[in-house]
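These are notes for a colleague on a single protein chain. Please read them beside the coordinates.

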Amino acid sequence: MPPRASKRKSAPPNSSSVTSSDGRSVSSKAKIKGLEKIDRLFNTYANSSLGMIDPEGIEALCSDLGVDYTDVRILMLAWKLKAEKQGYFTQDEWQTGLKALGVDSLSKLKKALSDLEKEVEKPSNYEDFYTYAFRYCLTEEKQKSVDIESICELLNLVLGVQFRPQIDSLIEYLKVQNDYKVINSDQWINFLRFCKEHLKSVLAARMKKN
């Protein structure tokens, strides 16, 4: 660090008050530049006729990120973007989500995926993500339930790592039973509660044995 030119104390310059030769604040120009980079990245994958990133664009994005289209981290990205329609990212969703992640390039987005996993794993975020995962599968207007096949895939994707034995048993049951053709949001939430309670029971039983 260079020595001070004077012993006299002075307030540090406010970044918003520092201006460039064209009169714009430095911080304002940096924000604009960052948003332009985010938009350029968006346009790389967007369908120009739709004005949004469609399923084909998401597949291309996944390929460049080196992750599978069905990777749970892509669902986590959709959650962070607050994407409303499955398989599509609007420009507004993209801008808001990437700014929240502090990302403006493909390399930064690739690195951010691991941080996103940690963010979702926090108890305060996980139930929100889990609930979002169900809503994301509602592809039709006024749709309130999801078919059993899709639910089994979703359960495996979002809960399989944490609750593998319980989810394997649950999926096996859902595939052979004939009482339910679809699952609604309340049942979906109850699956998570069931897994948590079952895990508590297993751990409690192990502690008693020890």
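Notes on the model

1. Along the sequence, the protein chain runs α-β-α-α-β-α-α-α-β-α-α-β-α, with nine helices and four strands in total. Helices (H or I, at least four residues) and strands (E, at least two) are DSSP runs, numbered from the N terminus.

2. The model is predicted: local features need pLDDT of at least 70 and side-chain atom pairs count only at pLDDT 80 or more, while totals for chains, interfaces and linings use all residues. Residues are numbered from 1 along each chain as its sequence is written, and side-chain values use heavy atoms, with hydrogens and water left out.

3. Of the 210 residues of the protein chain, 35% count as buried. Buried means under 20% relative accessible area, exposed over 50%, and partly exposed in between (1.4 Å probe, protein chains only). The accessible surface of the protein chain is about 14,000 Å² (Shrake-Rupley method, 1.4 Å probe; for residues, only the protein chains shown count as cover), and 51% of that surface belongs to carbon and sulfur atoms.

4. Among contacts in the protein chain (heavy atoms within 4.5 Å) between residues at least 6 apart in sequence, 61% join residues at least 24 apart.

5. Helix α4 (residues 91-101) has E93, W94, Q95, G97, L98 and L101 buried. Just after α4, G102 has a positive phi of about 70°.

6. Helix α5 (residues 106-121) has 16 residues and spans 23 Å from first C-alpha to last, close to the 22 Å expected; the expected span is 1.5 Å times one less than the number of residues. A kink of about 30° in α5 is centred on L113, the bend being the angle between axes fitted to the seven residues ending there and the seven starting there. L113 is also one of the buried residues of α5, along with L109, A112, L116 and V120. Their cover includes α2 (55-65), α3 (72-81), α4 and α6 (123-136).

7. The count of salt bridges (a side-chain nitrogen of Lys or Arg within 4 Å of a carboxyl oxygen of Asp or Glu) comes to five. K108 pairs with D104, the closest N and O atoms being 3.1 Å apart; D104 is buried at 16% relative accessibility, whereas K108 is partly exposed at 38%.

8. In the salt bridge of R164 with D168, the closest N and O atoms are 2.9 Å apart. R164 and D168 are four residues apart in helix α8, so about one helical turn separates them. Salt bridges that share partners join K37, D104 and K108 into one network.
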